[in-house]
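Trainee: Hi! Could you walk me through this one?
Mentor: Happy to. Let's look at it together.

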Amino acid sequence: MNTPAESLKTLPLPEVERLLNTSAAGITSVDAAKRLLSFGPNEITEHKRNPLLQFLSYFWGPIPWMIEAAVILSGAVGHWPDFFIIFALLLANGVVGYAEEHQAGNAIAALKAKLAITARVRRDGEWAALAAYDLVPGDVIRLRQGDIIPADARLLDGTQIEVDQSALTGESLPITCSPSDPVYSGSIIRRGETGALVYATGTHTYFGKTAQLVADARTVSHFQKAVLKIGNYLIALAGVFVAVIVLVSLMRGDALLTTLEFALVLTVAAIPVAMPTVLSVTMAVGARLLARKKAIVSRLVAIEELAGVDILCADKTGTLTQNSLTLGEPFALEPASSSDVILAAALASRDDNEDPIDLAILAALKEDNSLEPYTISHFEPFNSVDKRTEATVHTNDGKTFKVSKGAPQVILNLATGSAKNTTAIEAAVNDFASRGYRSLGVARTDDEDRWEFLGVLPLFDPPRPDAAATIATATTMGVRVKMVTGDAIAIAKETAAKLGLGTNILDAAGLGDVKKQESPESVRTIETADGFAQVFPEHKYHIIDVLQQRGHIVAMTGDGVNDAPALKKADCGIAVSGATDAARAAAAIVLLTPGLAVIIDAIKESRKIFQRMNSYAMYRIAETLRVLLFVTGSILVFNFFPVTAIMIVMLALLNDGAILSIAYDNVHFKMKPEVWNMRMVLGIATVLGVVGPIAAFSLFYLGERVFALDRPHLQTMMYLMLSVAGHLTIFLTRTRGPFWSIRPAPIVWMAVLGTQIVATLIAVYGLFMTPLGWGWAAFVWGYAILWALVSDRVKLLAYRVLDSANAHSSPHPSEQSVY
């Protein structure tokens with residue numbers, strides 16, 4: 001029973017039964033239980049992380065390490081208020097991040113549960129409905145029209161069936177399978193009923209082997225890279241400035257314990273303690289908004305990736321097209337008309353078989369009652385030998401004739417009297433083929449029972465109604481759509497032309513596999529192609545890989561098992577409505593409604609979310625610089641601690657509490673892909689971070705030299721200044737234009753106002769500090785607002801300078817690095 005599945009697929013059926021120790025009567029329940037333990041359940045095993053390890057991963061990395069060091073040092077020096085505040089922020093980040101990821105994972109699990117299928121299995125000599133999960137090699141199952149094949153199996157009965165393998169191969173037309181032929185898990189029975197012997201389950205199936213490619217697809221998100229870069233930048237700043245403070249303080253003979261405690265608190269205030277939490281909450285809010293639009297996010301970072309997508313590789317069958325055949329305008333031989341050709345073909349079709357070709361032809365009838373005057377006395381279904389259907393038809397006035405439809409050459413050979421029209425018929429077939437249509441010949445007998453060729457029917461898989469509009473919208477938003485299909489080039493070109501994609505379709509047969517290094521010329525060909533035809537699963541993965549190496553952020557849409565590896569490899573994999581379990585498990589976003597229109601909504605929403613994260617990143621860097629420069633400068637120049645340790649803790653606490661509201665802020669999305677332009681982020685943040693200390697030192701000068709305030713009152717004044725000015729910076733970083741160009745969401749200004757009321761009351765009444773009084777508090781507010789207006793103008797100037805610099809130094813788009 002350890003014979004490889006590949007051998008069991010090709011060996012004679014009696015030999016397969018012997019190797020699997022089974023027969024047409026199936027196996028016993030006891031034997032099935034033993035085999036279930038041996039072979040495992042009939043499912044695609046996903047690589048799931050241990051929940052505890054997944055939770056602990058949120059406490060691993062440069063930023064968490066610094067926070068954890070601060071927690072330990074706080075406890076070591078006995079500064080317990082700092083210890084508990086910092087520990088609470090660290091824990092909150094881990095809980096929020098884990099909870100949101102877990103919630104998204106549960107949503108996907110719920111979807112998969114709804115898609116669970118059952119199978120009719122013969123156990124202990126009796127037929128029973130069992131979960132497909134419990135199937136084992138050696139089981140005998142019954143397959144009927146409309147069934148999803150639950151495992152790889154060999155057909156037993158003596159009748160042919162039609163199998164739709166589009167979920168596996170991307171080919172929209174069904175194939176004919178005869179007794180002893182293999183059929184694959186995930187395929188659909190379109191016509192017929194038969195018994196089958198299961199020879200492979202789970203990861204040993206064709207479905208499972210394809211899905212195993214997913215395990216090799218590992219990408220590091222651009223979001224994670226950006227957060228790491230920002231964190232490292234802030235940590236480096238904090239380390240340098242704190243080291244200077246400690247060194248100078250020790251040289252001056254200050255108390256070691258006091259210096260270390262202050263350095264510790266300043267470090268905590270400087271490093272981005274709440275940054276992971278804020279960014280996780282921002283993406284989680286976006287994920288919930290997308291869920292209301294019927295798009296479930298299974299990986300939060302996919303939201304940020306979607307904002308930067310500039311290439312969307314879309315699977316054709318079932319994604320860009322309807323995965324259902326439609327009849328085109330027929331070619332008719334005189335004296336027959338197009339209506340005559342369609343009517344004869346419809347009489348040679350049956351709707352109860354759910355055959356896609358028959359249904360397409362019947363749907364083309366102009367009148368619902370067109371077939372009422374006719375009675376079918378005999379019908380021969382299509383088979384792979386004759387390659388045609390035939391029906392004997394009786395009319396209401398007593399006439400009898402036959403009709404047939406099938407492969408054009410077969411029908412032409414049948415209608416020998418039409419040989420003189422062979423050239424015209426072949427020209428019509430070739431014309432249809434060049435436009436991506438599959439041709440069917442149609443014939444009818446005359447009064448002397450002789451076959452006459454009536455015409456040729458073109459069949460095609462039509463685009464989804466919203467696909468062309470979706471592609472056009474994506475193009476205006478800077479996203480280039482590339483079609484990826486297993487169909488022939490002619491069909492791919494025709495579909496691409498209808499969708500407005502362009503007809504530069506590349507034959508994937510010339511591409512390498514996953515591990516091949518393409519030549520520079522081939523890479524450019526892949527990059528400029530409008531689409532790819534005759535694609536196998538490894539080609540899809542390879543195409544994504546090549547585009548990513550060229551610097552593109554790539555999204556992939558798909559629905560079948562053959563799409564799963566590329567969905568996982570892509571920066572943002574999107575499983576469309578009706579996708580297989582494998583595609584849903586591999587994708588980062590799962591659509592619940594048909595069509596691609598929701599993708600445009602998702603891109604818009606993701607770009608809004610990106611704007612919020614970008615605003616927060618600039619704010620956080622600017623605030624870190626503001627505090628570090630001012631505090632370090634005061635100590636070095638004036639030998640004065642401008643704020644106390646507890647003041648810094650309260651600044652950090654109030655700032656982090658208010659900034660969470662940015663996840664709900666009003667923003668405008670851009671009509672081009674978003675990227676982490678770290679030069680711009682660091683540049684604007686640095687400018688604001690330098691203007692802030694200038695304002696703070698100016699107030700310090702006024703307080704000490706002009707108003708002659710004592711040091712304790714001066715410390716309270718500087719605390720309030722840093723708090724108010726810091727929160728006003730939120731309104732500066734959230735817009736590229738003047739701060740009033742986009743109205744903030746109510747929750748943002750309410751959060752800022754609320755925390756600053758608290759900060760003002762603390763300063764006025766002197767909680768943990770010298771009371772300042774309402775008069776001086778009002779003065780600080782006015783001073784901070786005035787400098788915020790000045791800072792906003794400086795920000796606009798900085799944007800102009802940086803934009804000009806970027807315009808003169810930007811490389812080719814595919815060669816740009818956002819880091």
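Mentor: Keep in mind that this is a predicted model. Let's begin with strands β3 (residues 140-143) and β9 (residues 194-200), which are joined by 4 bridges and run antiparallel.
Trainee: Okay, and which residue is the bridge partner of I141 in β9?
Mentor: That's A196.
Trainee: What order do the strands of the open sheet have?
Mentor: The sheet has 6 strands in the order β2-β1-β3-β9-β4-β7, and the pairing is antiparallel.
Trainee: Which are the edge strands?
Mentor: Those are β2 (126-131) and β7 (182-183), each of which pairs on one side only.
Trainee: What holds strands together in general?
Mentor: Strands of a sheet pair through backbone hydrogen bonds.
Trainee: Switching to helices: at what angle do α27 and α28 pack?
Mentor: Helix α27 (residues 711-733) and helix α28 (residues 746-765) pack at about 175°, and their axes are 10 Å apart. Angles over 145 degrees count as roughly antiparallel, so α27 and α28 are roughly antiparallel to each other.
Trainee: Which residues make the contact?
Mentor: On α27 they include Y719, L720 and F731, and on α28 they include W749, V752 and I762.
Trainee: How many are nonpolar, polar or charged?
Mentor: The residues of the contact of α27 with α28 divide into 11 nonpolar and 6 polar, with no charged ones.
Trainee: Last one: how many residues of α14 are buried?
Mentor: In helix α14 (residues 338-347), 7 of the 10 residues are buried, so the helix is largely enclosed by the rest of the structure.
Trainee: Which ones are they?
Mentor: The buried residues of α14 are V341, I342, L343, A344, A345, A346 and L347.

Methods: Residues are numbered from 1 along each chain as its sequence is written. This is a predicted model: local features need pLDDT of at least 70, side-chain atom pairs count only at pLDDT 80 or more; totals for chains, interfaces and linings use all residues. Side-chain values use heavy atoms; hydrogens and water are left out. Axes are lines fitted to C-alpha atoms, for helices over the stretch in contact, and angles run from 0 to 180 degrees between N-to-C directions. Helices (H or I, at least four residues) and strands (E, at least two) are DSSP runs, numbered from the N terminus. Angles under 35 degrees count as roughly parallel, over 145 as roughly antiparallel, 65 to 115 as roughly perpendicular and the rest as oblique. Contact means heavy atoms within 4.5 Å. Ala, Val, Leu, Ile, Met, Phe, Trp, Tyr, Cys and Pro count as nonpolar, Asp, Glu, Lys and Arg as charged, and the others, Gly among them, as polar. Buried means under 20% relative accessible area, exposed over 50%, partly exposed in between (1.4 Å probe, protein chains only). Two strands pair if DSSP finds at least two bridges between them.
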